[in-house]
Amino acid sequence: MTRLEDTYVEQGWVHRVRSMTSAGGWMNRLTGQSENSDTPIERGVPVEYLVEIPYMINTDSGALVADASMARLASDLDEADALIRDVNFAAQVLIREPSAVTRASLAEDIEHLERAVGYSRQALDTFNSAMADIAGGLEQTQLAELETRRARFARDAEALRDRADDIAQLRRTLMTGASS
C-alpha cells in the first residue's frame, strides 16, 4: 500500500498525508463518525503536476500539444488505476482470509487503506483539473478515451472505499468476538 502512496506523491498527483490526520480518519470510521473520515488529505490540486507535465507545454505557435498531453494523462490514469486495483486485491485477500489477521494488523491495514482512499480521491481531483485544462485542445475521440479511463479510475477508487469499509467491519467483528 505504501507503493501507491509513494508513487502518487512522486508523480505529483497528490500531497503527502500527515499520519495523525490519517489515523484520525480511520478512528472516525471505527467509531461511526464517518463524516470526517473521507478527508485525510489536505485538499487542493498539486499545481506542479499541472505546470510541469508535457501537456502544458506550448508549441512555437502557442497551441496545446494535444498528442503529448493525451498520452501523458492516459498513462498517468492507467498507472494510478493499476495501483488502486493492487491495493483493492490485497484488501480482498485479507477479507477472504480473516483467520490470518489480528486486530492489531487490521488497524494498520485500515490506516493504509484510508490513506489510499484519500490519495485516490485527491488524484481524481487532479486528473479532473488536468482534463478540464486540455479538453479544448483534444479531439472528441481523445476526450472520450480519457473520460473512459477517468471513469474506470473513479469506479476503482470507490471500490477501494468499499474495501476499507469491509476491513473496518472485519476489525469490529474481531473486537466483538474477542470480548464475548
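What follows is a chat about a predicted model of a protein.

Reader: Okay, I'm new to this one. How many helices and strands does the protein have?
Author: The predicted model has six helices and zero strands. Read along the sequence, the pattern is α-α-α-α-α-α.

Reader: And how much of it is buried?
Author: Of the 180 residues, 43% count as buried. The accessible surface comes to about 9100 Å², and 51% of that belongs to carbon and sulfur atoms.

Reader: What about contacts, how far apart in the chain are the residues?
Author: Take the contacts with a separation of 6 or more: residues 24 or more positions apart account for 81% of them.

Reader: Let's go inside. How many residues are in the largest nonpolar core?
Author: That core has 37 residues. Those with the most contacts inside it are L4, Y8, W13, L73, F127, L146 and F153.

Reader: Which helices supply it?
Author: Helices α1 (2–10), α4 (66–96), α5 and α6 (140–179) each supply at least two residues of this core. The one that gives the most is α5, with 12 residues.

Reader: You listed Y8. What is Y8 in contact with?
Author: Leaving aside neighbours within four places in sequence, the contacts of Y8 include W13, A80, D81, I84, Y119, A123 and F153.

Reader: Y119 is in there too. How are the rings of Y8 and Y119 placed?
Author: Their centres are 6.5 Å apart and their planes are at 80°, so the pair is edge-to-face. Y8 sits in helix α1 and Y119 in helix α5, 111 residues apart, and the pair links these distant parts of the chain.

Reader: Are those two buried or exposed?
Author: Both Y8 and Y119 are buried.

Reader: How many aromatic pairs turn up in the whole structure?
Author: Four aromatic pairs. There is also one aromatic cluster, formed by Y8, W13, Y119, F127 and F153.

Reader: Switching to charges: how many salt bridges are there?
Author: A search of the whole structure finds 15 salt bridges. One of them joins the side chains of D78 and R149, at 2.9 Å from N to O. D78 lies in helix α4 and R149 in helix α6, so this pair ties together parts that are 71 residues apart in sequence.

Reader: What about D81 and R152?
Author: Their side chains also meet in a salt bridge, 2.9 Å from N to O. D81 is in helix α4 and R152 in helix α6, so parts 71 residues apart in sequence are tied together here.

Reader: Is D81 buried or exposed?
Author: D81 is buried, with a relative accessible area of 0%.

Reader: Which residues do salt bridges with shared partners join into one network?
Author: D78, D81, R85, E145, R149, R152 and D156.

Reader: Last stop, helix α5. Where is I110, and is it buried or exposed?
Author: I110 is in helix α5, which spans residues 103–134. I110 is buried, with a relative accessible area of 1%. The C-alpha atoms of I110 and A168 are separated by 6.5 Å, though these residues are 58 apart along the chain.

Terms used. Residues are numbered from 1 along each chain as its sequence is written. This is a predicted model: local features need pLDDT of at least 70, side-chain atom pairs count only at pLDDT 80 or more; totals for chains, interfaces and linings use all residues. Side-chain values use heavy atoms; hydrogens and water are left out. Helices (H or I, at least four residues) and strands (E, at least two) are DSSP runs, numbered from the N terminus. Buried means under 20% relative accessible area, exposed over 50%, partly exposed in between (1.4 Å probe, protein chains only). A nonpolar core is a set of buried Ala, Val, Leu, Ile, Met, Phe, Trp, Tyr and Cys residues joined through side-chain atoms within 4.5 Å. Contact means heavy atoms within 4.5 Å. Rings of Phe, Tyr and Trp (its six-membered ring) pair if their centres lie within 6.5 Å; planes under 30 degrees apart count as stacked, over 60 as edge-to-face and the rest as tilted. Accessible areas come from the Shrake-Rupley method with a 1.4 Å probe; for residues, only the protein chains shown count as cover. A salt bridge is a side-chain nitrogen of Lys or Arg within 4 Å of a carboxyl oxygen of Asp or Glu.
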